[in-house]
Amino acid sequence: MVKVTVCGAAGGIGQPLSLLLKQSANITHLSLFDIVNTPGVAADLSHINTVSKVTGHVGNEQMEEALKDSTIVVIPAGVPRKPGMTRDDLFKINAGIIRDLAVGVAKHAPKAFVLVISNPVNSTVPIVTEVFKKHGIYDPKRIFGVTTLDIVRASTFVSELIGTDPAQLKVPVVGGHSGVTILPLLSQVSGTEKLSQEQVEQVTNRIQFGGDEVVKAKAGTGSATLSMAFAGARFTLAVLDAIQGKTGVVECTYVNLESDPEGGKAIKQVVGDDVTYFSAQVELGKDGVSKILSVGKLSDYEKKLFEAAVPELKGNIVKGASFITDAK
Ligand code: NAD
Ligand code: LMR
């Protein structure tokens, strides 16, 4: 039995994400949770002729039945940006939403793998960690910030420049998930040696601020939903493959460095001991994170990007963690 619960399932990301997950033969129960509209979304999806059962659950009183026995909980619940906002501006509303959902997971699905999409990811993942610590169920190997959209964008934008198949091109993107904390490692991608430094800087900036491109184009109606659903489904199914025993599954994802058997030593050597969360290439296994891979060799330009990212990332992490630890 594999139950995947989507929290925020009636939303802009939640609906297409649920549609993509409904297509997986590896999911036996797709549980849709939101504060509105999930019975309708569930009824609609349940007519699709794939194996999974689909159920819809609305509001706090139905949270337990939504979450109970979940293998994976994916969370795209919360408000999206409007033009002129940063992801951090969403903290005020989304921090409380994530806290309450994390409490629900701690109580009703303490063994679930939790995949956090809601922004600001750099801070919402530490919120989940601290809630789980308070409930005595913390396992860093099971908590992931979903940064796959940065990877998907990087493959697309770099392929446009170097003329490769974007579905095959892998571009590592590490760090965090907001502006300057997003660190594309183009120097490690074969084919980019033909780009000028100016092109490298332009495409790096485009990857870092790809989210803003969509927010601007959507002109006040939200942020990336369809590309995020694609990325979220890809990451969810990769985690599922790994926990079901597939080997060699590696995805970039934002995790607590404690999840690594060596405490993220390879990352800390580059970013310093006081960075506690980082998105890196992570080898996934039956228990979740099995190993965090080194960021590899960096160009001088990338080293400068790291210097700009680290202070912002640290601030985002402290802000998320202290939202729970400092709460009365
Ligand atoms: P949306 O407003 O369309 O949908 C959000 C859904 O969450 C709504 O259906 C809403 O009812 C629901 N919700 C609100 N509070 C809830 C609660 N307490 N419990 C359950 N559900 C609740 O927004 P969206 O466009 O789907 O974006 C959702 C979040 O994902 C935003 O924070 C956005 O910034 C983030 N996002 C992250 C990435 C990423 O790369 N990680 C990419 C795109 C968007
Ligand atoms: C994205 O990268 O598209 C998301 O984080 C949404 C946003 O606010 O940009």
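I started at Ala 219, which sits in the loop between H8 and helix H9 (226–243); helices here are DSSP runs of H or I with at least four residues, strands are E runs of at least two, and both are numbered from the N terminus. Its phi is near 50 degrees, positive although Ala 219 is a residue other than glycine. Ala 219 counts as exposed because it has 9 C-beta neighbours inside 10 Å. For the burial classes I used C-beta atoms placed from the backbone: 20 or more others within 10 Å is buried, 12 or fewer is exposed, and in between is partly exposed.

Housekeeping: this is a predicted model, so I kept local features to pLDDT of at least 70 and side-chain atom pairs to pLDDT 80 or more, while totals for chains, interfaces and linings use all residues. Residues are numbered from 1 along each chain as its sequence is written, with chains lettered from A and ligands numbered from 1 in the order in which they are written.

I found Asp 69 in the loop between helix H3 (63–67) and E4. Asp 69 comes out as partly exposed, with 14 other C-beta atoms within 10 Å.

Then I checked omega. The peptide bond from Asn 119 to Pro 120 is cis, with omega near -5 degrees. Pro 120 is in the loop between strand E5 (113–116) and helix H5 (121–134).

Asn 119 sent me to the ligands. Around ligand 1 I get 34 residues, with Gly 8, Gly 11, Gly 12, Ile 13 and Asn 119 as the closest; the criterion is a C-beta atom, placed from the backbone, within 6 Å of the molecule. Which helix gives the largest share of that shell? It is H4, with 4 residues. Strand E2 (29–34) and helix H4 (91–108) each supply at least two. By class, the ligand 1 shell has 19 nonpolar, 12 polar and 3 charged residues; I counted Ala, Val, Leu, Ile, Met, Phe, Trp, Tyr, Cys and Pro as nonpolar, Asp, Glu, Lys and Arg as charged, and the others, Gly among them, as polar.

On to strand E1 (residues 3–7): 5 of its 5 residues are buried. Lys 3, Thr 5 and Cys 7 point one way, Val 4 and Val 6 the other.

E1 and E2 run parallel, joined by 5 bridges; strands pair if DSSP finds at least two bridges between them. Thr 5 has Ser 31 in E2 as its bridge partner. The chain goes from E1 through helix H1 (residues 14–22) to E2, a right-handed β-α-β crossover (clockwise from the first strand over the helix to the second, with the strands pointing away from the viewer). E1 also runs parallel to strand E4 (residues 72–75), with 3 bridges. There, Val 4 is the bridge partner of Ile 72.
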